[in-house]
Amino acid sequence: MPAKEKPDDLREAIIETALAIIESDGLEKLSLRQVARQIGVSHQAPYKHFANRDHILAEVVQRTFDDFASYLDVHPTSDDPRADMAQMGRAYVQYALSHPTQYRLMFGTPLPDAQAFPEMMVSARHAFDLLKACIQRLPNYAQKSAQQIELDALFVWSTMHGLTSLLETQAMQTHALSAETPDTAIAHVLHRIGVALGVEFDSPPYN
């Protein structure tokens, strides 16, 4: 069998291969040895760029959060914060369903110590700041405290995360709900979030 061609950029190859291993075999299978084996380099080669497994994982997670934040950030801010909130909620679900490995990596797996890898969470905090900024622009939030805004952002996030987790695991199909339920559920949850925040930023999906 011919030897694998060595990649020109070993560091990038390590990161791409690490994500591929996580996607195909699960996070528990990620190791520098396995990465080296799949790339076709010596077992010591990855150590030239990453001290250990956590260093590789932190880089993968950082890039995943970068991609996620960019996905939320790409939609321009409008003059209507209620429409922006609804759009952000839909984008959150869309990203999760189209990038299931990345979504589970960000929000469903143990991550390296954020204090040891401070860059890992920069984009994660930016994504949460986007949500807080949108809430702060709502017409009835001008006098709300920073703590209230943060808590309400956490409420919105946890609600959308719960719905997204159900959609991602196909729990609705398992419970024999109608084919229309997922789309209706997204609209319904967004409407109920608006009611809870006192703005009703999305119309109910029914009469």
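This is a predicted model: local features need pLDDT of at least 70, side-chain atom pairs count only at pLDDT 80 or more; totals for chains, interfaces and linings use all residues.
Q: What share of the chain is buried?
A: Of the 207 residues in the chain, 40% are buried.

Q: And how much of the contact count comes from residues 24 or more positions apart?
A: Such residues account for 65% of the contacts in the chain with a separation of 6 or more.

Q: OK, the core. How many residues are in the largest nonpolar one?
A: The largest nonpolar core has 59 residues. Phe68, Met85, Ile135, Val156, Met160 and Leu197 have the most contacts inside it.

Q: Which helices supply at least two residues each?
A: Helix 1 (10-25), helix 2 (32-39), helix 3, helix 4, helix 5, helix 6 (122-136), helix 7 (146-168) and helix 9 (181-197) each do.

Q: Which one gives the largest share of this core?
A: Helix 3, with nine residues.

Q: Take Met160 from that list. What does Met160 touch?
A: Leaving aside residues up to four places away in sequence, Met160 touches Gly89, Tyr92, Val93, Val189, Leu190 and Ile193.

Q: Switching to helix packing. At what angle do helix 4 and helix 5 pack?
A: Helix 4 (residues 81-98) and helix 5 (residues 100-107) pack at about 110°, and their axes are 5 Å apart. The two helices are therefore roughly perpendicular to each other, as angles of 65 to 115 degrees count as such.

Q: Which residues meet there?
A: From helix 4, Tyr92, Tyr95, Ala96, Leu97 and Ser98; from helix 5, Pro100, Gln102, Tyr103, Met106 and Phe107. Eight residues of this contact are nonpolar, two are polar and none are charged.

Q: Where is Val60, and is that residue buried or exposed?
A: Val60 is found in helix 3 (residues 53-73). Val60 counts as buried because its relative accessibility is 3%, and the cut-off for buried is under 20%.

Q: What are the contacts of Val60?
A: Not counting residues up to four places away in sequence, Val60 touches Ile15, Ala18, Leu19, Ile22 and Leu105. Its C-alpha atom is separated by 9.9 Å from that of Met106, 46 residues apart along the chain.

Q: Now aromatics. How many aromatic pairs are there?
A: The structure holds ten aromatic pairs. In one of them, Phe68 and Tyr95, the ring centres are 5.2 Å apart and the planes are at 65°, so the pair is edge-to-face.

Q: Which helices hold Phe68 and Tyr95?
A: Phe68 lies in helix 3 and Tyr95 in helix 4, so the pair ties together parts that are 27 residues apart in sequence. Phe68 counts as buried at 4% relative accessibility, and Tyr95 counts as buried at 0%.

Q: What about Phe107 and Trp157?
A: Phe107 and Trp157 form an edge-to-face aromatic pair, 5.7 Å centre to centre with 65° between the planes. The pair links Phe107 in helix 5 to Trp157 in helix 7, 50 residues apart.

Q: How accessible are Phe107 and Trp157?
A: Phe107 is partly exposed, with a relative accessible area of 24%. Trp157 also counts as partly exposed, at 30%.

Q: Which residues form the aromatic cluster?
A: Phe65, Phe68, Tyr71, Tyr92, Tyr95, Tyr103, Phe107, Phe128 and Trp157 form one aromatic cluster.

Conventions
Residues are numbered from 1 along each chain as its sequence is written. Side-chain values use heavy atoms; hydrogens and water are left out. Axes are lines fitted to C-alpha atoms, for helices over the stretch in contact, and angles run from 0 to 180 degrees between N-to-C directions. Helices (H or I, at least four residues) and strands (E, at least two) are DSSP runs, numbered from the N terminus. Angles under 35 degrees count as roughly parallel, over 145 as roughly antiparallel, 65 to 115 as roughly perpendicular and the rest as oblique. Contact means heavy atoms within 4.5 Å. Ala, Val, Leu, Ile, Met, Phe, Trp, Tyr, Cys and Pro count as nonpolar, Asp, Glu, Lys and Arg as charged, and the others, Gly among them, as polar. Buried means under 20% relative accessible area, exposed over 50%, partly exposed in between (1.4 Å probe, protein chains only). A nonpolar core is a set of buried Ala, Val, Leu, Ile, Met, Phe, Trp, Tyr and Cys residues joined through side-chain atoms within 4.5 Å. Rings of Phe, Tyr and Trp (its six-membered ring) pair if their centres lie within 6.5 Å; planes under 30 degrees apart count as stacked, over 60 as edge-to-face and the rest as tilted.
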